[in-house]
Amino acid sequence: MNNNNNILTNDNIISYDSLMKGRSTLFLKTVVFLFAVAVFVLCIFLIRALLTQPVGGYFPILLGMLAAAVPFFAGARETLKILHLIDHKKAFTTLSLHSLRRITYYGVVISLLYGGGMPYIYRVAQRDDAPGVILLGLIFTFVPMIAAIFAALLQRLIQNAIDLKSENDLTV
């Protein structure tokens, strides 16, 4: 009597779907939350460094990192919103399209902030003889851009799925 979609416990049959509701995206939600906490802690250290220690030529870099944290937190919020929509089986809606559009925008903003600061980062790296700083700046520039491109592709796929669904609803 026990098939693959049901679990037998204490003479009650629980469906697998009701058991897994909300847990399918739990890992992703946890990862997004932990990244947000790590960035928040980094922001606290950056603010503390800006207020208490002389940072000299690093002030614009630290200020740029704090400015990039704002779109990061907004993008993390939109990511959690999409995961919530997936949990409630509303992934293929216009709400997810709007969230993906915002994530794309935030990724581009973060890339522009770091990319715009690269000439200054280059001068500081040349002065301090630290070539690894340039590589780190390039990583911080290109990773958000890759995320923005991926979000734009997902946005296009979801838009096509919504169009196909509405087309099918009209023919039936």
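This is a conversation about a predicted model and the reasons behind the labels its parts are given.

Visitor: What are the ground rules here?

Guide: The model is predicted, so local features need pLDDT of at least 70 and side-chain atom pairs count only at pLDDT 80 or more, while totals for chains, interfaces and linings use all residues. Residues are numbered from 1 along each chain as its sequence is written, and side-chain values use heavy atoms, with hydrogens and water left out.

Visitor: How many helices and strands does the protein have, and what makes a helix or strand?

Guide: There are 5 helices and 2 strands, in the order β-β-α-α-α-α-α along the sequence. Both are DSSP runs numbered from the N terminus: helices are H or I with at least four residues, strands are E with at least two.

Visitor: How do you know that the length of helix H5 fits its number of residues?

Guide: The expected span is 1.5 Å times one less than the number of residues. Helix H5 (residues 131-171) has 41 residues and should span 60 Å; its end C-alpha atoms are 61 Å apart, so the two agree.

Visitor: Why is Gln 155 called buried?

Guide: Buried means under 20% relative accessible area, exposed means over 50%, and partly exposed is in between (1.4 Å probe, protein chains only). Gln 155 comes in at 16%, so it counts as buried. Gln 155 sits in helix H5, and the buried residues of H5 pack against helix H4 (94-128).

Visitor: What is Gln 155 in contact with, leaving aside its neighbours within four places in sequence?

Guide: Leu 97, Leu 100, Arg 101 and Thr 104. Contact means heavy atoms within 4.5 Å.

Visitor: What makes Asp 87 and Lys 29 a salt bridge?

Guide: The rule asks for a side-chain nitrogen of Lys or Arg within 4 Å of a carboxyl oxygen of Asp or Glu. For Asp 87 and Lys 29 the closest N and O atoms are 2.6 Å apart, so the pair qualifies. This pair links distant parts of the chain, with Asp 87 in helix H3 (residues 59-87) and Lys 29 in helix H2, 58 residues apart. Asp 87 is buried at 9%, whereas Lys 29 is partly exposed at 23%.

Visitor: Why do Lys 81 and Glu 78 count as a salt bridge too?

Guide: Their N to O distance is 3.5 Å, so they also pass the rule. Both lie in helix H3, 3 residues apart, about one turn of the helix. Glu 78 is buried at 0%, and Lys 81 is partly exposed at 33%.

Visitor: Why is the ring pair of Phe 72 and Phe 73 called edge-to-face?

Guide: Rings of Phe, Tyr and Trp (its six-membered ring) pair if their centres lie within 6.5 Å; planes under 30 degrees apart count as stacked, over 60 as edge-to-face and the rest as tilted. By this rule there are 3 aromatic pairs. The centres of Phe 72 and Phe 73 are 5.6 Å apart and their planes are at 65°, so this pair is edge-to-face.

Visitor: How exposed are Phe 72 and Phe 73?

Guide: Phe 72 has a relative accessible area of 26%, so it is partly exposed. Phe 73, at 29%, is partly exposed as well.
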